[in-house]
Each structure stands twice: as structure tokens, then as C-alpha cells.
Protein chains: 2
Amino acid sequence: MDYTAHLDDALTRLHEEGRYRTFIDIERRRGQFPHAVWTRPDGSEQRITVWCGNDYLGMGQHPTVLTAMHEALEATGAGSGGTRNISGTTVYHKRLETELADLHGKEAALLFTSAYIANDATLSTLPKLFPGLIIYSDSLNHASMIEGIRRNGGAKRVFAHNDINDLRAKLEADDPAAPKLIAFESVYSMDGDFGPIAEICDLAEDFGALTYLDEVHAVGMYGQRGAGVAERDGLLDRIDIVNGTLGKAIGVHGGYIAASAKMCDAVRSYAPGFIFTTSLPPVVAAGAAASVAHLKTDAARREAHQTQATILKTRLRGLGLPIIDHGSHIVPLIVGDPVHTKTISDMLLTDHGIYVQPINYPTVPRGTERLRFTPSPVHGPREMDALVAALDGLWSHCALNRADLAG
Amino acid sequence: MDYTAHLDDALTRLHEEGRYRTFIDIERRRGQFPHAVWTRPDGSEQRITVWCGNDYLGMGQHPTVLTAMHEALEATGAGSGGTRNISGTTVYHKRLETELADLHGKEAALLFTSAYIANDATLSTLPKLFPGLIIYSDSLNHASMIEGIRRNGGAKRVFAHNDINDLRAKLEADDPAAPKLIAFESVYSMDGDFGPIAEICDLAEDFGALTYLDEVHAVGMYGQRGAGVAERDGLLDRIDIVNGTLGKAIGVHGGYIAASAKMCDAVRSYAPGFIFTTSLPPVVAAGAAASVAHLKTDAARREAHQTQATILKTRLRGLGLPIIDHGSHIVPLIVGDPVHTKTISDMLLTDHGIYVQPINYPTVPRGTERLRFTPSPVHGPREMDALVAALDGLWSHCALNRADLAG
């Protein structure tokens, strides 16, 4: 058996399809976000501006967060040293879970080492708790939800993205007595569009289904206290299980669910991905708790975030660049060809010190290859000017399509 | 559908079987390991000594590790802000992967957010790279390996724990032309016994199988530079994929595999659990890299660790307490009854300030319920005396069996 030949085949396929990923090595500079240093493969360095990070609010450099982390390191050291059950539960974990439960208006919250594993572990455990559970899953749900739903071979129905009629038809087609759960997102990260939360909650009520809402691209950024889109829309109490991340707008690391005390207790007790893994380092929990607590009162930061997104979209649209705008903070700019997308990304980085990663198939459909910008409160007018000018020049240079200027 | 009733059922089952877990809330004190403070549910505090942590070498409080973490926080902030592909690869991640590849004598290493997800993601991705792959799995492999092997429904054969003859029989029964992989551990954490690495490597060679070795309970602790048991036994080059953790003896957080450059590249490119998740915070990578680098030269710490384990085992055996001793650093003390185990654990904590979590079914077979001690270089004679005296007293008080004193 020639294992190396198989590996060669697998890697060659990616190169041939233009999907082979090369990681860009960067280091953001604390206090100077979104500025960073790019270390090239040859070891040379270049100053760059990051335009594709998911630290949406710049909380990763917030003094309150960093002070909490320095203090936790001083007080208790580096790692937790154990699983949650065996010496790995600390006051930092408990405090963070309390903050998160309060944020979402739920009885309890449960920390995981990432939002990926929170989705995967929770969604794969729910069929153990509700035998015969049917999971209705939006077709554009994140990979972690898909993996969790697939894991134990339980019943699933994939409904067309944001299509309430298709979801209703699928709910109607199933046994009314079967336990059901609808899994969806509040903000889909590649187009930046919102899920129809209220309509899905209505359907869930009609059909006696649980609701599972992934708010990873919304937590910290939407709602009066930053609980997400469900809070903004006054729907917190209609969501049974919220999934969130501490690694994007919160600026640190880790993931969680928030739900009823019994739901969290049962998932805690039955999910291997929660039970058999070392808990988050106290230093991470401390930073995340400080960030969540801070963001509950920092509505100005959320407003600045939306303002920056609006300005960028307005300016790009003014130049006729084909952005997608669903009113969220994510600004996708369609190039529509994998080679062009990569070329523009490379030129932005090398010639302009602007870092935005190309997004290609299969992350997005073929023909919609794009650059995905994530403006934030730490992107000032100078960075915005530089980006807009660079894109305008490259669009002309590469003779790319512009949208209808009246659009 | 009464979802709450289902949750009640699931939780009641655990209570009835004596398997419901209550997390103990502790905070270790940096510079005073293994001492910690236990916060009781009523908020009152008690000083305790931790005897069941997996920070086996006390690296979680090592100044070199903490300095590296403080510096990374100052330099680059809290989180990474992205997946490895989209703005989440930093010099800290690259440096750590280089340290780990060097540690295991491999071309490359690949970081994951935990060793759990490293096992799960790698083992579930290998069948995509090697179509028709049959995975031979030790019956006592960790939950994360079991989950990864089960995930995609690939072919698997579970062989009796450490049973070379059973493994050979299963290899012989399969198509000689099929791609094969043998997945096992170097130290099994509940009994502290070693896997027969050399014999398994011989079989792998005979049958053209890949070897996958989980060294999470050995990395940092065994071998000249702390690469694990495979290094100690001179077998590094016979292992195709090593899995390790940064959350136990390394004292920080995260997990990894080390393997050939092509293997790491292929797993990196095809594993959803690697691709679609925020990378480890730079501060965690910085601390782990400092710890791994330090441990490469700190053989004295490894010796002190083994010495402490030997002393504890000798002293407990001298009192006739029924320990399991396979020559590793893990010291399981069999109680043999879930209620007694819990009672002794509670009395140790409340009356003696000694924290050791009870280990019950299904983590270990019924009738072998135990306390599992993890002595370390930071446990001094005073802590050892207190533990031994407390156990001696409790064993008499509870009229528990003592082993043959001559044994």
C-alpha cells in the first residue's frame, strides 16, 4: 500500500482545482489594530492592515480584557490542568458561564473549547436526549453544525436557505408526534444575510419544535447588550438553545451554548466533546468574561461597528463595485473567478499592505468567488481611504465588472 | 412533545446510577502548586491540595511559560481573530508547530484547538485520504479516538486491550490490499499501563499498516527530550502519526498531531475540525512553545516526576492499599464501589483538604471504581505525608480491604 501516493493524489486535486490554501503568517500589534506584521516565507517582514479578521470589534486589544488575562495568569497560572469534572472547573469558568447565561436571558450556559465543538457536541448529543429527534437544518449552516447533525446518523432534513415555505413543507411531511429541532444561524457569514428568526420561531411553535440558533457572527455586535440578533429583534425567549463564540467579536477564544438549566445539565452530562476534554485555560475564561461584561454596556462600540460597515459599503457601491449588502456588518465583494480573486488578494497584500483572504469554492458557490471585508471600529478613515483607493485602482487595472452605478 | 420530561428522564438515569457529576470549583494558586482554593456552593472557601490534576509537571506555573504568555498578550493581544486560513495564522502558531515537529522527530506538526479535536478530526479525515481504510482500534482508546473513528462510518476493528494476538488475528482476517491504520495509546490514563508500541509497530510493518499513537499522557514526561514513550523506547521513526496534548504535562492548552509534511498538509486541507474553527489564541501558542522548548532540556523534572510517583506507590503499597502499578506516573487506588469511592473523595476534600475526584463507571468498569492520584514534582514531602496519613485513616475508618502486605 503506497500511502504517500494517496496523499499526493489528495493534494494534487486541491492544486488543480485552485483550492490549495497557503496560510499567511501575521502578527497583529496590540494597541495598533488593525495593523499587523506579515512575515513572508523568506522571513522578511511587511507592515499590513488586516481587513478580514473576525475580531469584529477590536476587543482582542481592549485593556479591560488584557488586564483580566494578565491578572488570571498571575493568580492561577497557564492551563486549567484538567477536564471540567476532574480538577478543571475554576471560578473563572463559573463566572463566564454566569455572564453568558445573563447575556442571553437564559438559566444557564455551558462552555466548550470552541464554538465548533459546541455545535458539533450539542447537535450530536440531542438525539440521545430526545430519541427519534428530527433535525431541520438550513442548507447554508456552518460546517460544525453539519458535522454535529451528521455524526450519529440521526434523522435530518435540509431546508433551502432561509426558505420558510420549504421548512414548513418538511415539517408538515413528518410525524407530528416526533421530537423536532430547527437549527439555523442569525447571520450567515459568507453573504452576511440574516436568518428569518421570527418566522422560524413561529413555525417551531406551530409544529412543537425546539429552536437552535447559531449567533457566532452576531454575539457582541447586535442587541442592546450584545446578545445577538435574537436580542435585537426581541426574540431571546423564543430560542431554546443559542450557540455563540468567544473567538470573534468577544476577541478571545472558546464557544458555548446558553439554554435552560436542565438542557445545559443534560448536554454537560452526555456530550463526549464536553466531558472528555481539558477545559479552557482560566486566562482565556477571564478575558472572555471581562469582554462579555464590558460589551453589555458598550453600545457605542456596536454603533461604531455598524457605521464603519455602512461607510465602506457606501463608498464601494459609489465606485460601482459589486458588493453584497444585506444590512449586516459583513461586506462581501464579488469577483466571480477564483484566479482573479487570488490575484487581487495577492496584489492587495504585496503592493498595498492590505490583507484580505480570497474566498473560493467550496466555501462559496463557483462563480461567486469573493473578497470578504470585515470593517471594525478600529479601522479609521486612513485605512478606509487606502482600501477604497486600492480596490478602485485594481478594478480598473484588471478590467473587472462594475455594477450599475445607479444601483 | 414534552421536551422537559425527556431531559428529566436523562438526568434521573444518571442520579439513579450514581453517575451524576458535580463539578468542584477550584482555583490553583500560581507559585503554590499543588495548593488551590476550593469555593463551595455556598461561596465559602477552603484551602486544598490538588491530587488529581493533569498538569503532571507543574508547568502551568513555570515562570518561563508565564513570561512568554504575558509577552504575547502585550505584543499581539488576546485572541487570534480568525481561522488558520483567514487571518488566524501567526508567528506563534508557526513557532509552536516547528517546536513540536522537532520534538517528535517529524517533518511537520499541525495544531488543533484540543487533543480531543485533533484525534476526532484526524481519524475521521484519514478515510477520505485513504479510501477503504480499515482502522484497528484498541478497546480502551480514549473517547476522542472512538468518536473520530466512528464519525464517518468507515471500517473499524476493535481489538482487545493491548492484545497483540487479537490484533494480528484481525489484521490477518482482512484483505491484504486494503489500506490499514492501527490506533492506540502509549499510556492508558485510567490504569496507567503502557501500550506495546514495539510489538504493534512490528505488526504494522508486517501488514503494511500505518501507526497512530496517542501520547497525551506521555508527552513532556517520557523520553530524553519529553517526546513520550515512543522516544523513550527508540521508536519515534516507526510511528506515522503522533497525537499529543498541550493541556496536560505542557501545562497550557491545545492539541496536535506530528507526522510527515504531506500527511499534515493533507489533514490540514481536508479536516473540517481544523479548517472551520478559530485558531488557538497566540498567548496559548506562545506559552505552549515555551513549555515544550523548556522541557526538551529539563530531564531533571521528568526524573522528579517519576520519583514522586514511585514514592507514593511505595508508601501506599506499604500500608497495604490496593494500588495499580504498571510503572507509569499514574497511581490508581481501587475502592471497588461507587458509593465508597464518592464518600472517601468527599471526606478527603472536606476533612483533609485533599482533592481527588472519584472515577466511576462508565469511565472504568464496575467494581473497579477508584481514586486516581497524579503525583508531580510540585507535590512535596509535606503534601505526601498528609495524603498517606489521610488515606490510612480513612481505609481503617471505612473498613476497606487492604492488599496482601507482602505484595
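User: If buried means under 20% relative accessible area, exposed over 50% and partly exposed in between (1.4 Å probe, protein chains only), which class does A:Asp8 belong to?

Analyst: This is a predicted model, in which local features need pLDDT of at least 70 and side-chain atom pairs count only at pLDDT 80 or more, while totals for chains, interfaces and linings use all residues. Residues are numbered from 1 along each chain as its sequence is written, chains are lettered from A and ligands numbered from 1 in the order in which they are written, and side-chain values use heavy atoms, with hydrogens and water left out. The relative accessibility of A:Asp8 is 28%, so this residue counts as partly exposed.

User: Which residue does the side chain of A:Asp8 meet in a salt bridge?

Analyst: A salt bridge needs a side-chain nitrogen of Lys or Arg within 4 Å of a carboxyl oxygen of Asp or Glu. Here the N to O distance is 2.8 Å, and the partner, at 35% relative accessibility, is also partly exposed. The side chain that meets A:Asp8 is that of B:Lys262.

User: How many salt bridges are there between chain A and chain B?

Analyst: Side chains of opposite charge can pair when their charged atoms come close. A search of the whole structure finds 52 salt bridges over all chains, whereas the count between chain A and chain B is 8.

User: How much area is buried between chain A and chain B?

Analyst: Taking contact as heavy atoms within 4.5 Å, 99 residues of chain A touch 99 residues of chain B. Buried area is the accessible area (1.4 Å probe) that two parts lose on being put together, summed over both. Carbon and sulfur atoms give 56% of the total, which is about 8700 Å².

User: Which residue of strand 16 of chain A stands opposite A:Val331?

Analyst: Strands (E, at least two residues) and helices (H or I, at least four) are DSSP runs numbered from the N terminus, and two strands pair if DSSP finds at least two bridges between them. In chain A, 3 strands form an open sheet with antiparallel pairing in the order 13-16-15, and 4 bridges join strand 13 to strand 16 (residues 370-373). Opposite A:Val331 stands A:Phe373.

User: Is A:Asp174 buried or exposed?

Analyst: A:Asp174 forms a salt bridge with A:Arg157, the closest N and O atoms being 2.8 Å apart. Of these two, A:Arg157 is partly exposed, with a relative accessible area of 27%. For A:Asp174 the relative accessible area is 12%, and therefore this residue is buried.
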